[in-house]
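This report goes through selected parts of one structure. Look at the sequence and the fold first, then read on.

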Amino acid sequence: MSYRIRAGGLERHTGAEVLRMEPWGPDALRVRAASGTIDPAAPGALEAPSPCPQAEPFLSEDGGARLVNGRIAVEATADGRLRFLDTASGRELLAERSPFAHHTGARVHAPGGRTEQSFAAYDGERLHGLGQHLHGRLDQKGCVIDLVQSNTVAAVPFLHSSRGYGLLWNNPATGRVELGADATRWTADAGGRIDYWITAGGTPAEVLDSYTRATGRPPLLPDWASGFWQSRLRYRTQDELLSVAREYRRRGLPLSVIVCDFFHWPRMGDWRFEESEWPDPTAMVKELADLGVQLAVSVWPTVEPDSDAFDGLRSAGHLVRDADGGLLTFRWPSRFSGQERGSRPMAYYDATHPGARAELWRRLDANYRALGVACFWLDACEPDLPPGIAERAVYAAGSAAEAANLYPLEHVRGVAEGLRAAGEDRPLSLVRAAWAGSQRHGALLWSGDIPTTFDSLGRQIRAGLNVAMSGIPWWNTDIGGFSGGDPQDPAYRELLIRWFQYGTFCPVMRLHGDRVPNFPAFSTDMTGGPNEVWSYGEEAYGILRAHLALRERLRPYLGTLSEDAHRTGAPPMRPLFFDFPEDERAWGVDDQFLLGPDVLVAPVYQAGARSRRVYLPSGARWLDPATGRAVEGGTTLDADAPLERLPVFVREGAEVGGLLR
């Protein structure tokens, strides 16, 4: 039962468990355990580790062991309990604990491949990350988070702690993490393995640097992507889409991207334009390019019978199977259902199969990229299925219970690899779901089909900051919310203005939504009401136009932040504590954010508000560009927030300050 040193790490073999600890990149360790053998090829998010020549394993006379790797150390007791330490301070970062009374260890290997890992909880600890969840909290201590993908939820199992560590639950199984007052417990529903990675860092920036080194740096943001994106549900024809782009040019408004939404295809799985509605996409893309506008197109993973791809994917075994037999299907609208505005059962391409990814890219390359399409909108990439059906999925990588979270990661990976092979070294795909490591494939996550309310706007602020602390730098929302919103309603116009102002300072700025009058049925004919910046009346138009100009002025600064993210993993949008970890009050602010190190933004997310409380972190002086007044850090003030602008402050001496006046 004693430990042994093997391949630079520590191993312990008992009749019940194999346990392995090893260095995995600077200042980081990986821990794996299984009731049988450890599978070295099990899927996860970690890239191959860089050499760690300074790592030192030790065996103790009492039967325990210790492994030191830079700033982090693990102490293992003779009975298999682990305790992680910060070697710079000697302080305990995290310790395993028994999940329940009379259990002999911190790990559970249950029948059916379910596993649990329990750790101690600490008073005053703040916990961030875990992807995108709309519970409205930045500090997730006390929450139970399901590790399951769905519309508006992106489950990224990376946790950042205010105690100075980051932990990746490196297991794509569905499950949950319970962040209790007495314990933290991770659970995997299947797969029979425990696999986690932990790093120590003196600051949040150091922790994210280490994490993105281990799971992949994000590529640089394409230059065109930092501008304004125009979208709505939906532009139904080539003429309609071009008329919007032309109107932006006529009005002298900046426009970088216009989005072609779903049902622009004949059948799901054709992955091409419907010729009767988009008769000359080559000419369309060329005209857009002449206007300085890139085209993004919607791509769904759904495959309709009789579509171009269906037979080939089915015969090659590249469609998701159903545990109850046959192919996994769900009903979606179809032009060819035989019913007016009807639907039919459709299958799903299997993103976890490399052959399926290759076939999808072959079609996207031939039918879109060859025409000049710059970006793919990988919608519904959870994939979008009701829970009872999603649980029956059988992927090439395994059952849904053991591998479902791989789907969005592998889906965006296939497109990124295709783009890179075609010579594009800055791949970017708009996605609705993500997992650990999605950032290395150019994932641009958005928050899904969210409500059109001020409460929803407030929840986005916290959600976006947790995405940032999950290693994904490129994130955005449907400005104005997705579901509803009447452009003629003064109350909604106020919300749209406040959301647009917030979006101006988001990593990517995209206007989208299903506006009133909504189409009465979910069908291939559906569309929404007007959603362009001139759709909301003259007062709103003047404010939105000014913020489009402001966004243009910010683009060089965003380019610098893109370089920082690519080099160190630092997210452009981040909580105040990211840059001011020594300021205890900054850790408690959850409704403001920093855009890079120099711009502090305080969104307005209450109807009728014309001022709001703002905290300015200590350690800097802050300038109000609207008044030119300088304020000492460590100050809380009531900042003016007229309808025309948000409270925004700039670190004194920063060059970006001149862009905000």
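A residue is called buried under 20% relative accessible area, exposed over 50% and partly exposed in between, with a 1.4 Å probe and protein chains only. At 15% relative accessibility, Arg363 is therefore buried.

The model is predicted, and local features need pLDDT of at least 70, side-chain atom pairs count only at pLDDT 80 or more, and totals for chains, interfaces and linings use all residues. Residues are numbered from 1 along each chain as its sequence is written, and side-chain values use heavy atoms, with hydrogens and water left out.

**Salt bridges**

A salt bridge is a side-chain nitrogen of Lys or Arg within 4 Å of a carboxyl oxygen of Asp or Glu. The structure holds 59 salt bridges.

| Pair | N to O distance |
|---|---|
| Glu359 and Arg363 | 2.8 Å |
| Asp365 and Arg369 | 2.5 Å |
| Arg413 and Glu410 | 2.9 Å |

Helices (H or I, at least four residues) and strands (E, at least two) are DSSP runs, numbered from the N terminus. Glu359 and Arg363 both belong to helix 5 (residues 354-367), where they are four residues apart, about one turn of the helix. Arg413 and Glu410 are in helix 8 (residues 406-421); they are three residues apart, so about one helical turn separates them.

In the pair Asp365 and Arg369, Asp365 is partly exposed with a relative accessible area of 24%, and Arg369 is partly exposed at 31%.

Salt bridges also form a network, which links Arg4, Arg6, Glu11, Arg20, Glu22 and Arg32.

Seven of the seven residues of strand 4 (residues 28-34) are buried, so the strand is largely enclosed by the rest of the structure.

Two strands pair if DSSP finds at least two bridges between them. Strand 3 (residues 18-23) runs antiparallel to strand 4, and six bridges join them. Pro23 has Leu29 in strand 4 as its bridge partner. The hairpin of strand 3 and strand 4 has four residues between the strands, and Gly25 there takes a positive phi near 90°. Strand 4 is also joined to strand 18 (residues 193-200) by seven bridges, and these two run antiparallel. Here Ala33 has Ile194 in strand 18 as its bridge partner.

An open sheet has its three strands in the order 23-27-28, with antiparallel pairing. Its edge strands, each pairing on one side only, are strand 23 (321-322) and strand 28 (398-399). Two bridges join strand 23 to strand 27 (residues 393-395), and Arg321 stands opposite Val394 in strand 27.

**Two packed helices**

Two packed helices are described by the angle between their axes and the distance between the axes. The axes of helix 9 (residues 454-468) and helix 10 (residues 490-504) come within 10 Å and cross at roughly 10°. Helix 9 is therefore roughly parallel to helix 10, a term for angles under 35 degrees. Axes are lines fitted to C-alpha atoms, for helices over the stretch in contact, and angles run from 0 to 180 degrees between N-to-C directions.

Contact means heavy atoms within 4.5 Å. Phe454, Ser456, Leu457, Gln460 and Ile461 in helix 9 meet Glu494, Leu495, Arg498, Trp499 and Tyr502 in helix 10.

Notes. Angles under 35 degrees count as roughly parallel, over 145 as roughly antiparallel, 65 to 115 as roughly perpendicular and the rest as oblique.
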